[in-house]
Amino acid sequence: MRRNDDIEKLFRERFEGYRLKPSAGVWQRVMRQLRWQNFLRFSPRRFNIWYLSALMAVVAGGTWLLYGGDKKEQDLVLPAKEEVRPAPPKKNVAADTSVSGEQKQGKNFSAEEKGKLLPSKKGMNERSPNVKVQEKKEEEALSDDPRLLRDERQGQVAEEKQPAEDVEVRDMAAMGVGREPHASGRGSEAGDEMPVARFTLSPRRGCPPLEVHVTDHSEHAESRRWKVEPRGYEGDAREPVLRFREPGTYVVKLTVRARDGRVAHASDTVVVYEPPRASFDWSPQELTESNEPVTFFNTSLRAVRSFWSFGDGHTSLEEEPIHHFTEDGPFDVMLVVWSEQGCADTLVRKGLFQREDFYIRFPNAFIANPNGPTGGYYTEGALANDVFHPVWKGVATYHLQVFNRMGELVFESRDLHKGWDGYILDQMAAPGVYIWKATGTFTNGKPYVRFGNVTLIRKKQGRYN
Amino acid sequence: MYTDEDLIKGCIRKERAAQKVLYERYADILLGICARYAADTAEAEDILQEGFVRIFNYIADYSGKGSLFNWMRKIMINTAITFYHRGLKHRYHQDIGELQEAAPDEMPGHADFTREELLSVIRSLPEGYRMIFNLYAVEGYKHKEIAEMLGIDINTSKSQYSRARRFIRQKLAELSRVRMPDEGKKDSSE
């Protein structure tokens, strides 16, 4: 043992205040790591990855806007003057929509990014004169496009003003439909279709646990991404089944992506109602010989309707029924409550009012009669509390001893009907804690031993309860 | 000259200068702690690096209760534990059974072991033993705390610790046999 202690002592002493010079590169590495973390973390004040990506999105969007359409058409790098050809304007529409997709993504950043994204919008506006030029150069088929372009932009602006959460799925669907004709109107070559995000939820509100089936009506969707906020499902199943346990309002968001990378969004809300909570109490707690009726207290939360089953074949729709049990227990009492929205909760309390045939129980306090010793005889079931005595049933033999804190015996009784009145030789005992022990047998022959303490309370002379 | 309080305030404001001074003041002694938990100096410096990044990130959480050094020491130890857990996935494990538990009866006269020798003994311990030995013997944690920190059973901590101790005793015995001839080496870092 000693030797073991030696090892610990040896190491502890040797390494007390041990210093080691770190190599020069460590500090640089710490700084590099901190800078990288700061870069990844969003802050409106510093340049970081969010600004960088916003910047890149702007640059990419602008580039796409200027050259993207032509490049794609020809698979060759062609100068902008090729715009004279009939095809490009269509492509410009496509370019604009792709920008709109990016801008929507930008929405996921924070307020600061929106400002940053403005240039791309400007770029689009600058672009429109060009479209008009083309329009002049071309004929009837194209006269539609600028209008659509405008609609597109308006829709987009409206959407940015209004958070997606408030948008009902029907509205989103309508938007999708609104876009559709122009998508299909532009000659339906594969990969040139506008994606449309649209889905329905069933049911959209209900009691927890709520199972919501999603039906996907999206069009031209190569992939879909679902996101339930807050803290919900995230994934790309085609038609997920969503389960909600916790009450609250959830937003189901869908992002669909077409083969060419364009995206569309839709969202809808699910309301999970706060369920009621069944709870009750009753009085008296146990059935007595006198068999008085039992009052049930309804302590449920958010309940507007109640149903009681007392376990003896009787039921009640009252909120707080009074029930008279005509048989002996035990009974399983059940309470079902419903909330305003029709959510239910059930509470069953089993084995109530069980009759015991053999028991002996002692109280932990009594108030000695200040007017003088009573002799210790008491009336069973009376409310007076001036004698320390047990409540009991089926007791055959009995021996009670009460000791003070010095361990001196202050009272002793072998008579069940004679308790301690709090007096020692006609003198009231000091108020305080006394220790008692009871031994004996029940009428079925089983022995019992009980012990505990009881507080003697002294009331000023006069009235007492 | 900055006080620790000045440095803490500066670090909360993320001032490079304050961070640098704090680093320079405590890097040596904290690396001395990391060294015991790492298999080699490079790993010890990795722990030191990550530990300092954590210190700078979370310095606002330092309550001011207890010394700053103890707070940073705790972070270094926790970082070492993170490294240990991370390493568990990749590294070769020395099976406990492989260790010959030849416990020599006599404890070598140990008063003259240098710190470098002890460090090499610690570093030769299997990683799990090293963690527990450091935490229990040097840092003075209870087995219950160690079990919580490492996510192991308290009895595992106890049994691994007694094995680690036997292993160390054996190593020290070997060491004293080897260096019998050239006695009188002095601890250079003192």
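Helices (H or I, at least four residues) and strands (E, at least two) are DSSP runs, numbered from the N terminus. By that rule, the elements of chain B run α-α-α-α-α-α-α-α from the N terminus on. That comes to 8 helices and 0 strands. Chain A has 7 helices and 24 strands.

This is a predicted model, in which local features need pLDDT of at least 70, side-chain atom pairs count only at pLDDT 80 or more, and totals for chains, interfaces and linings use all residues. Residues are numbered from 1 along each chain as its sequence is written, and chains are lettered from A and ligands numbered from 1 in the order in which they are written.

Start with burial. A residue is buried if 20 or more other C-beta atoms lie within 10 Å of its own, exposed if 12 or fewer, and partly exposed in between, with C-beta atoms placed from the backbone. Of the 465 residues of chain A, 25% count as buried. For chain B, the figure is 34% of 190 residues.

Next, contacts. Two residues are in contact if their C-beta atoms, placed from the backbone, lie within 7 Å. Take the contacts in chain A between residues at least 6 apart in sequence: 60% of them join residues at least 24 apart.

Helix α1(B) covers residues 4-12 and helix α2(B) residues 16-37; their axes come within 7 Å and cross at roughly 130°. That makes α1(B) oblique to α2(B). Axes here are lines fitted to C-alpha atoms, for helices over the stretch in contact, and angles run from 0 to 180 degrees between N-to-C directions. Angles under 35 degrees count as roughly parallel, over 145 as roughly antiparallel, 65 to 115 as roughly perpendicular and the rest as oblique. The crossing of α1(B) past α2(B) is left-handed. A crossing is left-handed if the near helix is turned anticlockwise from the far one by less than a right angle, and right-handed if clockwise.

Which residues make this contact? From α1(B) come B:Leu7, B:Gly10 and B:Cys11; they meet B:Ala17, B:Ala18, B:Gln19, B:Val21 and B:Leu22 in α2(B). By class, the contact has 6 nonpolar, 2 polar and no charged residues. Ala, Val, Leu, Ile, Met, Phe, Trp, Tyr, Cys and Pro count as nonpolar, Asp, Glu, Lys and Arg as charged, and the others, Gly among them, as polar.

The loop between α1 and α2 of chain B holds B:Lys14. This residue has a positive phi of about 60° although it is not a glycine. B:Lys14 counts as partly exposed because it has 14 C-beta neighbours inside 10 Å.

Further along, B:Arg54 sits in helix α3 of chain B. B:Arg54 has 16 C-beta neighbours inside 10 Å, so it counts as partly exposed. Leaving aside neighbours within four places in sequence, B:Arg54 is in contact with B:Ile75 and B:Thr79.

Helix α6(B) spans residues 127-138 and has 12 residues. Of these, 11 are buried, so the helix is largely enclosed by the rest of the structure. Among the buried residues are B:Tyr129, B:Arg130 and B:Phe133. Just after α6(B), B:Gly140 takes a positive phi of about 80°.

The axes of α6(B) and α7(B) (residues 143-150) come within 10 Å and cross at roughly 140°. The two helices are therefore oblique to each other. This crossing is right-handed. B:Met131, B:Ile132, B:Leu135 and B:Tyr136 of α6(B) make the contact with B:His143, B:Ile146, B:Met149 and B:Leu150 of α7(B). Its classes are 7 nonpolar, 1 polar and no charged residues.

Turn to the interface. Here 24 residues of chain B are in contact with 23 residues of chain A. On the chain B side, α2, α3 (41-58), α5 (115-124), α6 and α8 (154-178) are the elements that give two or more residues. The largest share, 8 residues, comes from α2(B). That side divides into 15 nonpolar, 3 polar and 6 charged residues.

Chain A has some backbone details to check. Most residues other than glycine have a negative phi, and most peptide bonds are trans. A cis peptide bond joins A:Ser202 and A:Pro203, with omega about -5°. A:Pro203 lies in the loop between β1 (199-202) and β2 (205-206) of chain A. The bond from A:Glu229 to A:Pro230 is also cis, with omega near -5°. A:His220 has a positive phi of about 55° although it is not a glycine. A:His220 counts as buried because it has 22 C-beta neighbours inside 10 Å.

Conventions. The expected span of a helix is 1.5 Å times one less than its number of residues.
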